[in-house]
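Visitor: I am new to this one. Could you show it to me and take my questions as they come?

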Amino acid sequence: MKKRFLSVAMAAACTVTMLAAPATAMAEGFDIAVNFASEPQTIDPALNSAVDGAVMVQHMFEGLTKWADSGAEAAGTDGKANAAEIVLGQAESYEKVVNEDGTVTYTFKLRDDIKWTDGKDVTASDFEYAWKRLVTPETAADYNYMLDCVVNANEIMAGEMDPSELAVKAVDDKTFEVTILNDLPYFLEICAFPSTLPVRQDIIEANGDQWTFDVNTYLSNGAYKMTEWNHNSEIIMEKNPEYYDYENLGPDTITFKLMDDANAMLSGYNSGELDFIEEVPQAEIPNLLVSGDLKIADYIGTYYVCFQTQKAPFDDPKVREAFSLAIDRTYIVNQVAQSGQVEADGFVPAGIYDAEGAAGDDFRTVGGSYYAATDADYEANCERARELLAEAGYEGGEGFPVVEYLYNTNDAHKAVAEALQNMWETELGVTVTLNNQEWAVFLQTRKDGDYSIARNGWIADYNDPMSFLDMWLTGGGNNDAQYENPAYDELIMSAKATSDPAERMSYMHQAEDIIIGEDHALCPLYFYTQKFMLKDRVQGMYYTPLGYFFFQYATEAAAE
């Protein structure tokens, strides 16, 4: 869904009533099994930073707003999935007022029939606690900056103010008030984002960081609840009887199988053990595309290489640029990835709105290319890469230390890693080793900065360039490159401080000019597409190009 903007009017003051979920007929004994990845690093809404964990969390928790089935077919899914849109969730209405000082106050009225899985009412205090917990430094949430739009959030995250001073409050049990610094076009999407979902203060304070591991303490407020977690095997969810739309929910159970071997995933799908998979063996992609079994949907994201910018030799921008130019992106897209990806000539991908662009333009087309990304330019790129490496003191690769490329267990990532290794060694005369780690371990290693070069990928959290750019602020929780540049920080904060759309975009284009065009802190490879396979028996799944698949209203097709 290209135009993924809010379906709710953004006037100076407005009230919106929740769109009703479509009624569905549920087949008795309907159970489905899906696979997104292996063991999640966490399913704490505030601490999760991976798409697979977000999909799980979105089935068990619900925010002030939520993603719902729009009724329109999602692009590239051939009728297998509908597009998702933002509607009200736990809130039944809201009012929005632009204040004299330029701040904006949202007042959400909660539904009367919202409950936790233990039967207790969901209250505005649950949202207040969750939002204050997110920005509290001790929580150490990678996504704390998702609320930097809220008044006092930045000062709290910097340790200059107490979390109690965050401009959110429970006016009463059913009224939640938020004041943000300026008008944001994507604020209602933030209200549906996993890290802003409500959590129970009493449970977390009583159980600490262990609250997510026990089904008796993992209390949620969404359509499904966790009933079993067999680590490294499966997470089982069943319909939540306390959910306000329980009667219309689809599958009796949704089992998230935890697997990281693409061959096992495809085998499980073919045997009927799995109804949905995202990954398949690289060698099988061409045949599965021809047969039509593998679907390719829109996906707003970038697959890239992340350099450890604080450690030699990648503390030198010339070395980083040389490694970037020595990559044949056309070969990787056509011969390795093979799923319709597009060579990346910048970091912010195609499909992201740009207020400065003419009709039909997006941030990428307005921003232009930072380097020639196609195969036709590869020889010239490599010649320039060798010149840069020589300028950095490593002519012909002489004296360059052995460096390691870190990636996670996945057939596709391995194929990319081996291609990159060959290109860097052949064209630059350097030695690159490969280190393959299990998913959760890989995420922590990369976060800790214990690497030289690492595989990375980023999917939009909302449709705005800021979703790709503010993560690289100095000290940011998702800043795995450990990138630091005061000029970059100033541009991002300037973009966050203005409500003028064209001015915002100008600041963000200048910021991308620095991080990609000058510092070469990141090395984009391609813009994502979303692969998936779904059994014909499952109908009513919906999807957003942010990478979220939703199964809670899926139904079972009648047997032919």
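Visitor: How many bridges join β4 to strand β5?
Guide: Seven bridges join β4 to β5 (residues 104-110), and the two strands run antiparallel. Strands here are DSSP runs of E of at least two residues, helices are runs of H or I of at least four residues, and both are numbered from the N terminus. Two strands pair if DSSP finds at least two bridges between them. This is a predicted model: local features need pLDDT of at least 70, side-chain atom pairs count only at pLDDT 80 or more, and totals for chains, interfaces and linings use all residues. Residues are numbered from 1 along each chain as its sequence is written, and side-chain values use heavy atoms, with hydrogens and water left out.

Visitor: And what stands opposite E95?
Guide: T107 in β5 stands opposite E95.

Visitor: Which strands form the sheet, and in what order?
Guide: Four strands form an open sheet in the order β4-β5-β7-β6, with antiparallel pairing. Strands β4 (91-98) and β6 (168-172) stand at the edges with a single partner strand each, so one side of each has no neighbour in the sheet.

Visitor: Which helix packs on the sheet?
Guide: Helix α2 (residues 124-135) does, touching β5, β6 and β7 (175-180); contact means heavy atoms within 4.5 Å. The direction of α2 makes about 170° with that of β6. Axes are lines fitted to C-alpha atoms, for helices over the stretch in contact, and angles run from 0 to 180 degrees between N-to-C directions.

Visitor: New topic. How many residues has the largest nonpolar core?
Guide: The largest nonpolar core has 174 residues, and those with the most contacts inside it include W131 and V150. Such a core is a set of buried Ala, Val, Leu, Ile, Met, Phe, Trp, Tyr and Cys residues joined through side-chain atoms within 4.5 Å. Buried means under 20% relative accessible area, exposed over 50%, and partly exposed in between (1.4 Å probe, protein chains only).

Visitor: What is V150 in contact with?
Guide: Leaving aside neighbours within four places in sequence, the contacts of V150 include W131, L166 and I180.

Visitor: Now the helices: at what angle do α11 and α12 cross?
Guide: The axes of α11 (residues 378-391) and α12 (residues 411-428) come within 10 Å and cross at roughly 65°. The two helices are therefore roughly perpendicular to each other, a term that covers 65 to 115 degrees.

Visitor: Which residues of α11 make the contact?
Guide: Y378, C382, A385, R386 and L389 of α11 do, with M423, E427 and L428 of α12.

Key: Angles under 35 degrees count as roughly parallel, over 145 as roughly antiparallel, 65 to 115 as roughly perpendicular and the rest as oblique.
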